[in-house]
Amino acid sequence: MTKAQEIAYDLREQIQSGRLVGGEALPSESKMMTQYGYSRETIRAGVRILIEEGLVVTGQGQGKYVREDYPPVVWNWTTLESRSRHETAVEGRTAGDQWASAISENGNAPRQEITVSIVEPPQHVRECLELPEGGLAVARKRVRYIDNRPYALADSYFPQDLVTGTPLMEPRDVSAPGGVLASVGLVQAKYRDEISVRMPTLQEAGLLALPAATPIAEHTRTGYDADGRPLRCMVTILPGDRHKILYEVSTD
């Protein structure tokens with residue numbers, strides 16, 4: 001090993017063994033120079049290896065900290081948007097929309113920051129909604145927090161002509177028996193899911209306070225009515241360090 005790799009190996013072992021815990025500051029550069037007997041540049045090179053691995057993050061000033069673990073959220077997308085769950089999405093019986101209800105059921109505190117606008121959606125969303133070039137959609141964009149820590153982004157897009165004047169235009173949590181779309185006569189009969197894994201954009205990393213080297217899963221769900229007309233396209237960004245996705249699939 002090089003000197004930098006030696007430093008990284010030792011610090012990595014301390015983190016993985018629990019001697020250095022999440023949120024704890026690494027020893028100062030001066031202390032590590034004394035401990036390892038190497039130059040400041042060599043110490044920085046060793047720590048940089050752990051930053052690139054995602055085990056160490058940079059705090060305010062020059063401090064370096066062990067990356068904190070987020071309690072994982074398990075999503076059973078087989079039932080999350082099922083009609084039976086929609087039927088309980090009524091004010092006073094749940095915490096708001098289905099996501100908030102699921103988080104509350106786990107004993108955590110959900111919170112969402114919601115903005116609503118009329119936009120030309122991204123190309124892949126436009127294609128999912130089968131909108132023409134330049135077609136407009138209503139975008140409900142949400143930053144989702146659990147216990148005041150950012151956990152996910154969820155952007156829902158609807159063809160403008162379908163939802164203008166409905167509660168979906170309101171920049172707040174909205175719910176209705178059977179789902180808001182169903183309450184205005186737009187019943188989703190099936191979903192189509194796409195999942196890709198990639199590194200986050202700069203904007204996504206900022207909104208979710210992501211440390212370096214954190215991949216995300218991008219889940220795109222398009223909902224269709226019984227005639228195959230697309231009603232909604234939801235794009236959810238799930239950081240890989242705080243989510244587990246569960247599906248139950250019948251073999252029939």
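Me: Contact means heavy atoms within 4.5 Å. With that settled, what do the buried residues of α1 pack against?

Reply: This is a predicted model. In it, the buried residues of α1 pack against α2 (29-36), α3 (40-53), β1 (56-58) and β2 (64-66).

Me: Which residues of α1 are the buried ones?

Reply: Ala4, Ile7, Ala8, Leu11, Arg12, Gln14 and Ile15 are the buried residues of α1. They lie on the same side of α1, because they cover an arc of only 160° around its axis. An α-helix has 3.6 residues a turn, so residues three or four places apart point the same way.

Me: And which residues are exposed on the other side of α1?

Reply: Tyr9 and Gln16 are exposed there.

Me: What span should α1 have, going by its residues?

Reply: Helix α1 covers residues 3-17, which is 15 residues, and at 1.5 Å a residue they should span 21 Å. The C-alpha atoms at its ends are 21 Å apart, so the two values agree.

Me: What follows α1?

Reply: Gly18 does, and its phi is positive, near 90°.

Me: Back to α2. At what angle do α1 and α2 pack?

Reply: They pack at about 110°, and their axes are 12 Å apart. That angle makes α1 roughly perpendicular to α2, because angles of 65 to 115 degrees count as roughly perpendicular.

Me: Which residues meet there?

Reply: From α1, Ile7, Asp10, Leu11 and Gln14 meet Met32, Gln35 and Tyr36 from α2.

Me: New topic, the sheet. What order do the six strands have?

Reply: The order is β4-β5-β6-β9-β8-β7, in an open sheet with antiparallel pairing. The edge strands are β4 (110-119) and β7 (190-198), each of which pairs on one side only. Ignoring direction, neighbouring strands of this sheet are turned by 15° against each other on average.

Me: Which strands does helix α5 touch?

Reply: Helix α5 (residues 98-105) packs on the sheet and touches β4 and β5. The direction of α5 makes about 170° with that of β4.

Me: Let's go strand by strand. How many bridges are there between β5 and β6?

Reply: There are 10 bridges between β5 (residues 137-146) and β6, and the pairing is antiparallel. As one example, Val138 stands opposite Phe158 in β6. The two strands form a hairpin with two residues between them, and Asp147 in the turn has a positive phi of about 50°.

Me: Is β6 mostly covered or mostly uncovered?

Reply: Mostly covered: of the 11 residues in β6 (residues 149-159), 10 are buried.

Me: How many bridges pair β6 and β9?

Reply: Five, again in the antiparallel sense, with β9 made up of residues 230-239. Ala154 stands opposite Thr236 of β9.

Me: Thr236, then: buried or exposed?

Reply: Thr236 counts as buried because its relative accessibility is 7%, and buried means under 20%. Leaving aside neighbours within four places in sequence, Thr236 is in contact with Leu153, Ala154, Ala217, Glu218 and His219.

Me: What joins β8 to β9?

Reply: Nine bridges join β8 (residues 216-224) to β9, and the two run antiparallel. Glu218 has Ile237 in β9 as its bridge partner.

Me: Different topic. What is the phi of Glu130?

Reply: Positive, about 55°, although Glu130 is not a glycine. Most residues other than glycine have a negative phi. Glu130 is found in the loop between α6 (123-129) and β5. With 56% relative accessibility, Glu130 counts as exposed, since exposed means over 50%.

Me: And Ala209, what phi does that one have?

Reply: Ala209 has a phi near 50°, which is positive in a residue other than glycine. Ala209 sits in the loop between α9 (202-207) and β8. Its relative accessible area is 47%, so Ala209 is partly exposed.

Me: Last one. Where is Asn76?

Reply: Asn76 is in strand β3 (residues 73-76). Asn76 and Lys244 are 168 residues apart in sequence, while their C-alpha atoms are 8.8 Å apart in space. Apart from its neighbours within four places in sequence, Asn76 is in contact with Leu246 and Glu248.

Terms used
Residues are numbered from 1 along each chain as its sequence is written. This is a predicted model: local features need pLDDT of at least 70, side-chain atom pairs count only at pLDDT 80 or more; totals for chains, interfaces and linings use all residues. Side-chain values use heavy atoms; hydrogens and water are left out. Buried means under 20% relative accessible area, exposed over 50%, partly exposed in between (1.4 Å probe, protein chains only). Helices (H or I, at least four residues) and strands (E, at least two) are DSSP runs, numbered from the N terminus. Two strands pair if DSSP finds at least two bridges between them. The expected span of a helix is 1.5 Å times one less than its number of residues. The arc is that of the directions from the helix axis to the C-beta atoms. Axes are lines fitted to C-alpha atoms, for helices over the stretch in contact, and angles run from 0 to 180 degrees between N-to-C directions. Angles under 35 degrees count as roughly parallel, over 145 as roughly antiparallel, 65 to 115 as roughly perpendicular and the rest as oblique.
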